[in-house]
Amino acid sequence: MDSTNSITNHKQEKGKFKPNDHNVLQKHVFFFDRNQDGLVYPWETFQGFRAIGCGVLLSAASAVFINMGLSRKTRPGKGPSLLFPIEIQNINLGKHGSDSGVYDKDGRFVHEKFEAIFRNHARTHPDALTSSELMGMLKANREPKDYAGWVASWTEWKTLYSLCKDSNGLLKKETVKAVYDGSLFERMEKEKEKQKASDKKKASV
């Protein structure tokens with residue numbers, strides 16, 4: 001599949017956007033498309049971050065940073081929009097530099113690149129990253145003078161680590177794998193909803 005096909009060939013079902021089966025990057029972003037229309041607006045990004053347990057300030061900052069950074073890139077040939085929508089079908093155009101390379105140019109998952117993260121940087125535990133190992137990976141991935149890519153990668157990985165490290169301060173391999181295909185976000189939302197229901201039940205007793 002070439003990049004043109006990845007942009008134009010997407011599934012529609014009953015008016016709802018469906019991610020391309022081969023484009024894992026679309027699946028990663030799709031969680032934040034709260035009404036499943038193929039567009040992610042800043043308020044949907046905010047809602048998505050809140051749904052997985054992020055605070056108001058982090059969710060608001062993420063909405064501004066992500067949508068302002070990706071809107072123009074994912075809307076080729078279109079003028080700027082003050083609503084800053086992100087078009088999921090073109091999300092591969094929003095890839096930044098200094099990343100892990102786990103997504104290729106068409107948004108597909110590259111298994112070898114994923115395994116290389118832990119083969120090259122997981123020194124303490126083979127299937128998990130410590131905070132210092134994570135920083136080492138980020139430094140190793142830096143491309144010269146790609147300051148925007150440095151900031152984007154640091155923000156993404158440090159947010160993931162903050163939210164998903166275990167009680168021993170480890171970011172596990174299965175967690176990282178789940179974030180790449182977006183399934184982690186769905187799981188976190190369900191866990192948060194379950195916790196809310198439990199807290200509400202306790203409060204009513």
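How much space lies in the largest pocket? The largest pocket holds about 1100 Å³ of space. The structure is a predicted model, in which local features need pLDDT of at least 70, side-chain atom pairs count only at pLDDT 80 or more, and totals for chains, interfaces and linings use all residues. Residues are numbered from 1 along each chain as its sequence is written, and side-chain values use heavy atoms, with hydrogens and water left out.

A pocket is defined on a 1 Å grid over the protein atoms alone as an open set of points with protein on both sides within 12 Å along at least five of seven lines, whereas a cavity is a set of points where a 1.4 Å probe fits but cannot get out; lining residues have an atom within 4 Å of a point. Grid points are joined across faces, edges and corners, and a volume is the space filled by probe spheres set on the points.

The largest pocket is lined by 44 residues, of which H28, I66, H96, A152 and E156 are the closest to its centre. At least two lining residues are supplied by each of α2 (24-30), α3, α4, α7, α8 (173-180) and α9 (183-204). Helices (H or I, at least four residues) and strands (E, at least two) are DSSP runs, numbered from the N terminus. The greatest contribution to the lining of the largest pocket comes from α7, with eleven residues. By class, this lining comprises 26 nonpolar, 13 polar and five charged residues; Ala, Val, Leu, Ile, Met, Phe, Trp, Tyr, Cys and Pro count as nonpolar, Asp, Glu, Lys and Arg as charged, and the others, Gly among them, as polar.

H96 lies in the loop between β4 and α5 (111-121). H96 counts as buried because its relative accessibility is 19%, where buried means under 20% relative accessible area, exposed over 50% and partly exposed in between (1.4 Å probe, protein chains only). Residues up to four places away in sequence aside, H96 touches G149, A152, S153 and E156, contact meaning heavy atoms within 4.5 Å. H96 and I66 are 30 residues apart along the chain, and their C-alpha atoms are separated by 12 Å.

One cavity of 30 Å³ or more was counted. The largest cavity has a volume of about 60 Å³, and its lining consists of S98, M135, L138, R142, G149, W150, S153 and W154. Two or more of the lining residues come from each of α6 (131-141) and α7 (147-164), and α7 gives the most, with four residues. The lining of the largest cavity contains four nonpolar, three polar and one charged residues.

Helix α7 has 18 residues and reaches 26 Å from its first C-alpha to its last, close to the 26 Å expected at 1.5 Å a residue; the expected span is 1.5 Å times one less than the number of residues. The buried residues of α7 are G149, A152, S153, W157, T159, L160, Y161 and C164.

Helix α4 (residues 56-70) has 15 residues and spans 21 Å between its first and last C-alpha atoms, close to the 21 Å expected at 1.5 Å a residue. Within α4, S59, S62, A63, N67 and L70 are buried. These residues lie on the same side of α4 because they cover an arc of only 105° around the axis, the arc being that of the directions from the helix axis to the C-beta atoms. L57 and M68, on the other side of α4, are exposed. The buried residues of α4 pack against β3 (39-40), α3 (42-51) and β4 (86-87).

T45 belongs to helix α3 and counts as buried, with a relative accessibility of 2%. Not counting residues up to four places away in sequence, T45 touches F32, V40, S62, A63, I66 and N67. E189, in helix α9, is also buried, with a relative accessible area of 18%. Although E189 and I52 are 137 residues apart in sequence, their C-alpha atoms are 4.8 Å apart in space. With residues up to four places away in sequence excluded, E189 touches F31, R34, A51 and I52.

Most residues other than glycine have a negative phi. Q36, which is not a glycine, has a positive phi near 55°. Q36 is located in the loop between α2 and β3 and is partly exposed, with a relative accessible area of 30%. F84, likewise not a glycine, has a positive phi of about 50°. F84 is placed in the loop between α4 and β4 and counts as partly exposed at 26% relative accessibility.
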